[in-house]
Amino acid sequence: MRTAYSVSTVRAAERDLMARLPEGALMQRAAAGLAAACRELLGRVYGSRVVLLVGSGDNGGDALYAGARLARRGAGVVAVLLSPERAHQGGLGALRAAGGRVSDDALRDLARCDLVVDGIVGIGGRGGLRPDAAELARAAWESAPVVAVDLPSGVDADSGEVPGAAVRADATVTFGAYKPGLLIDPARERAGALRLVDIGLTLPGEAEFEALQHADVAELLPRPAAESDKYRRGVVGVVAGSARYPGAAVLAVAGALRGGAGAVRYVGPAADAVLARFPETLVHAGPPHKAGRVQSWVIGPGIGDESDALEDVLASDVPVLVDADGLRFLTPERVRARTAETLLTPHAGEAAALLGRGRDEVEAERLASVRELAARYAATVLLKGSTTLVARESGPVRVNPTGTGWLATAGSGDVLSGVTGSLLAAGLPARDAASVGAYLHGLAARRAAGPEGAPILATEVADHLGAAWRDVTG
């Protein structure tokens, strides 16, 4: 599992370690890791040209010491000092001693370099870049590959927000632990490929953020035993679709069946469309509580203005996933009154409506938004988007690493609801069901789009869920 820690946690661990190490040893560890990553990107160090963008803090010191190591291997290293009087003196001395120099024309040096090292602002930075730094960041992006030191300058390390101008990196070398902003958009898309350098930090056992990997998902995936029947595997109740949106029902049922459900009970007006595609579905005219035994409910995709079924489903004593149109009729009080788990799966626009905010605000502050929703509704919340986030009232926020832009297609969220509902029915807690569902959904979309990427349909995502499952389990 890839874990991330807040700035305050990382800072505390750094202080503890520095108290036990010789002065400057921690910075040298970071610089050694940074220099090694730069060497790999350059391929041939001798004769290459490297520009360091150097701010006033330890981040700039890391860049200077790494630059000194590259210079000793024959690279031509030039430092652009954004605050010359506040540059790290030890690092600057080491660079000069190794043959590096301070730039007297930053734009000229950037225009003819092979690699740029972004050491402008560290993890303690707040707000976007100042105009002079922003100009250098733009020039760097246009000239050569950019390596960010710890995180791209100008992004918020704790939230993933990008409040102004910021560096766009091809790779980021981070030290000791991943920072949340490296995993959460909009900052994540500016970080490029990530590399973690172990500098010896002792961190708390429970991280503030988690990103599941294949092994974690494989361990969580429910598998039928020899004595399993459809009820032991889990029966999902799906309330979806309408005369206007029958396809939403078909897609949600597809996700539930492909997601491993033992059976699906469909309740709604699109029974003919569902049976035409999936004759194994159990259909019922409703209301939901008369449809038969289920271990979870999925409600909302394409139901339009039909809200009566929502109250019926929320009154049940099994986990309930509410998506799409169903979210419009929710109140925090009704969700908080439930005894079984509730999982909400909004996209940014739906989350904005639930919070009474603008969509742009939610997209810019994804982490704060998902946390606020989880607290307000006392529920697990899966916030869909370029990075899908899963949050509860307490505990680590989960970040899904498998998303792809090709998922921005009509109906893909309905498939996700079905997949996740099947995992709830199998007995996974809401946070695990949401995390595993999003992970498989993303893998399926990548498979459907192919290695080069191509437009896909939501039905194709559903069709590739079995292959995604096999990818994880081996």
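This is a predicted model: local features need pLDDT of at least 70, side-chain atom pairs count only at pLDDT 80 or more; totals for chains, interfaces and linings use all residues.

User: How many salt bridges does the whole structure have?
Analyst: The search finds 26.

User: What is the N to O distance for R108 and D109?
Analyst: Their side chains meet at 3.4 Å, N to O.

User: Is D109 buried or exposed?
Analyst: D109 is buried, at 4% relative accessibility. The cut-offs: buried is under 20% relative accessible area, exposed is over 50%, and partly exposed is in between (1.4 Å probe, protein chains only). R108 is partly exposed, at 32%.

User: Next, which residue does D158 pair with?
Analyst: R126, in a salt bridge of 4.0 Å, N to O. D158 lies in the loop between β6 (146-149) and β7 (171-175), and R126 in the loop between β5 (115-119) and α6 (131-143), so the pair ties together parts that are 32 residues apart in sequence. Helices (H or I, at least four residues) and strands (E, at least two) are DSSP runs, numbered from the N terminus. R126 is exposed at 51%, while D158 is partly exposed at 24%.

User: And what about E372 and R376?
Analyst: Their closest N and O atoms are 2.7 Å apart. Both sit in helix α16 (residues 366-377), four residues apart, so about one helical turn separates them. E372 is partly exposed at 24%, and R376 is partly exposed at 30%.

User: Which residues are joined into one network by shared partners?
Analyst: R101, D104, R108 and D109.

User: Switching topic. How many cavities of 30 Å³ or more?
Analyst: One. On a 1 Å grid over the protein atoms alone, a cavity is a set of points where a 1.4 Å probe fits but cannot get out; lining residues have an atom within 4 Å of a point. Points are joined across faces, edges and corners, and volume is the space filled by probe spheres set on them.

User: How much space lies in the largest cavity?
Analyst: About 50 Å³.

User: What lines the largest cavity?
Analyst: L212, V390, R398, V399, N400, P401, S435 and Y439. β18 (397-399) and α18 (430-449) each supply at least two lining residues.

Methods
Residues are numbered from 1 along each chain as its sequence is written. Side-chain values use heavy atoms; hydrogens and water are left out. On a 1 Å grid over the protein atoms alone, a cavity is a set of points where a 1.4 Å probe fits but cannot get out, and a pocket is an open set with protein on both sides within 12 Å along at least five of seven lines; lining residues have an atom within 4 Å of a point.
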